[in-house]
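Hi,

Here is the structure I promised to pass on. Have a look first, and my notes follow below.

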Amino acid sequence: FGTAVESLGGSWSVDTGWETARVSLDLPIREAAAGAELLAEAVRTPAFTDADVERYLADLVAAKRESFARPGPRAQLALRNALYGTDARFGRLTGGDPESVAALDADAVRAFHATWLRHAGTLLIAGDLDQLDVEALGRTVFGDFPASSTARPPIPAALPAQNRLAIAD
């Protein structure tokens, strides 16, 4: 994917947050249609081969272990646990911790994709729009994706206010 985007003279990035997953392409306008096709392929039909996912997850677990050797991530996790509880989604770090990442496998990644990334989303296009068929780009990217019918989990409230002390060892 990266090589294909670069061959169009562009760059790409991926970012996730609590409520979003974003794939960004920065391309010359003349390559917008080809970029939309690549984006559609990447989002709709990612390979997620066992070998690739397992290699990525092994690297991610190693990076999480290295990160958690420093106090910052442990303190952030302790704060989230104290504010929201360990079972609430916001009580955890967005990228997980060494144990939660180690528990993942290729089947879990594919299941997440099938549940959360198989619906129409938002296509944001910036540039000289006079030279683009924006509707065609949208059809290319989203095609026959249905509108999302999956309810988002409610945003949890912080635990009731109380005096407490959270220590991150």
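Predicted model: local features only at pLDDT ≥ 70, side-chain atom pairs only at ≥ 80, totals over all residues.

Now for the aromatic rings. There are two aromatic pairs in the count. Phe 1 and Trp 12 make up one of them, sitting edge-to-face with 5.1 Å from centre to centre and 85 degrees between the planes. Phe 1 is in the segment before helix H1 (2–7) and Trp 12 is in strand S1 (residues 11–16), so this pair ties together parts that are 11 residues apart in sequence. Trp 12 is partly exposed too, at 38%.

Tyr 84 and Phe 90 also pair edge-to-face, at 5.8 Å centre to centre and with 75 degrees between the planes. Tyr 84 is partly exposed at 23% relative accessibility, whereas Phe 90, at 10%, is buried.

Then there's the inside. The largest nonpolar core has eight residues: Ala 32, Ala 36, Leu 39, Leu 132, Leu 137, Val 141, Phe 142 and Phe 145. At least two residues of this core come from helix H2 (32–44), and at least two from helix H7 (134–142). If you zoom in on Leu 132, you'll find it touching Ile 29, Ala 32, Ile 125 and Leu 137, leaving aside residues up to four places away in sequence. Another core, of five residues, lies apart from the largest one, and Val 53, Leu 57, Val 61 and Val 101 are among its members.

Cheers

Note on methods:
Residues numbered from 1 in each chain as written. Heavy atoms only, no water. Phe/Tyr/Trp six-rings, centres within 6.5 Å; stacked < 30°, edge-to-face > 60°. Helix = DSSP H or I, 4+ residues; strand = E, 2+ residues; numbered from the N terminus. Buried < 20%, exposed > 50% of the residue type's maximum accessible area, 1.4 Å probe, protein only. Core = buried A, V, L, I, M, F, W, Y, C linked by side-chain atoms within 4.5 Å. Contact = heavy atoms within 4.5 Å.
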